[in-house]
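Please walk me through the fold of this protein chain. Begin with how the strands pair, then move on to the helices and the core.

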Amino acid sequence: MEDVERVKAEALQVMGLFQVLPRLVVFDLDYTLWPFYCECPSKNDTPSLFPHSRGILHALKHQRIDVAIASKSPTPDIATTYLHKLSIRSMFVAEEIFYSWTHKTDHFQKILSKTGVPYNSMLFFDDDDNNIQQISKIGVTSILVRNGLDLEAFRNGLAKFSQNGNRSKKNKQKRPN
Ligand SMILES: [Mg+2]
């Protein structure tokens, strides 16, 4: 059962631990927000999220941190139908769902141009290590999720983001005036 309020409260607590937070959090869909490939089931199925996904999304919204989607699903119509059925579609400031040969670099270019948020202010969760490697290279803090998005992955992501943020801050301070 989804215990949305409990997860939201815990996620807010976790966010309180870090001084530097991302401005935008980007999520993959299949096996990150929900436990299936959305090209397999049909539009008429009733989809479900991983148990912590909704609470984490609500906590980010509560903190006024934007959320976006970067998905290579070959069936964007099914993906968007599911987002709608799950009543979360309106939460996302950018929804990039299209198949591509790249490891989501073109998804991130579109998200950047739509939101204006620089890569080093983004945090990204995905279950595919190829995407994680590639998107890390362009400067986005990227976290591999192994069993879907959960509070543990969320905390790890914020911790890594905070470390990366602190590092760039220190670099700035080191620069001569
Ligand atoms: Mg996936």
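## Strand pairing

Strands β1 and β2 run parallel and are joined by 4 bridges. Strands here are DSSP runs of E with at least two residues, helices are runs of H or I with at least four residues, and both are numbered from the N terminus. Two strands pair if DSSP finds at least two bridges between them. In β2, Val67 is the bridge partner of Val25. Val25 also has a bridge partner in β4, namely Leu123. Strand β1 (residues 24-27) and strand β4 (residues 122-126) run parallel, with 4 bridges between them. A further 5 bridges join β2 to β3, again in parallel. There, Ala68 stands opposite Ala94 in β3.

Together these pairings belong to an open sheet of 5 strands, with parallel pairing and the order β3-β2-β1-β4-β5. Its edge strands are β3 (92-97) and β5 (141-144), each pairing on one side only. Neighbouring strands of the sheet are turned against each other by 15 degrees on average, direction ignored.

## Model and overall layout

This is a predicted model: local features need pLDDT of at least 70, side-chain atom pairs count only at pLDDT 80 or more, and totals for chains, interfaces and linings use all residues. Residues are numbered from 1 along each chain as its sequence is written.

The protein chain holds 6 helices and 5 strands. From the N terminus on, they run α-β-α-β-α-β-α-β-α-β-α. Of its 177 residues, 33% count as buried. A residue is buried if 20 or more other C-beta atoms lie within 10 Å of its own, exposed if 12 or fewer, and partly exposed in between, with C-beta atoms placed from the backbone. Among contacts with a separation of 6 or more, 69% join residues 24 or more positions apart. Contact means that the C-beta atoms of two residues, placed from the backbone, lie within 7 Å.

Helix α5 (residues 129-137) lies across β4 and β5, at about 165 degrees to β5. Axes are lines fitted to C-alpha atoms, for helices over the stretch in contact, and angles run from 0 to 180 degrees between N-to-C directions.

In α3, the buried residues are Ile78, Ala79, Tyr82 and Leu83. They cover an arc of only 135 degrees around the axis, which puts them on the same side of α3. The arc is that of the directions from the helix axis to the C-beta atoms. These buried residues of α3 pack against β2 and β3. The face turned away from them carries the exposed residues Asp77 and His84.

## Helix α1

How long should helix α1 be? Its 13 residues (residues 4-16) should span 18 Å at 1.5 Å a residue, and its end C-alpha atoms are 18 Å apart, which agrees. The expected span is 1.5 Å times one less than the number of residues.

Val7, Lys8 and Ala11 are the buried residues of α1. Seen down the axis, they fall within an arc of 100 degrees, so they line one face of the helix. Glu5, Arg6, Gln13 and Gly16 are exposed on the other side. Arg6 counts as exposed with 12 C-beta neighbours inside 10 Å. Arg6 is 46 residues from His52 in sequence, yet their C-alpha atoms are 9.4 Å apart.

Which residues touch the most other members of the largest nonpolar core? They are Val26, Ile56, Phe124 and Leu149, in a core of 40 residues. A nonpolar core is a set of buried Ala, Val, Leu, Ile, Met, Phe, Trp, Tyr and Cys residues joined through C-beta atoms within 7 Å. Beyond its neighbours within four places in sequence, Leu149 is in contact with residues including Phe27, Phe50, His52, Ile56 and Phe154.

Tyr31 is partly exposed, with 18 other C-beta atoms within 10 Å. Ser87 counts as exposed, with 9 C-beta neighbours inside 10 Å.
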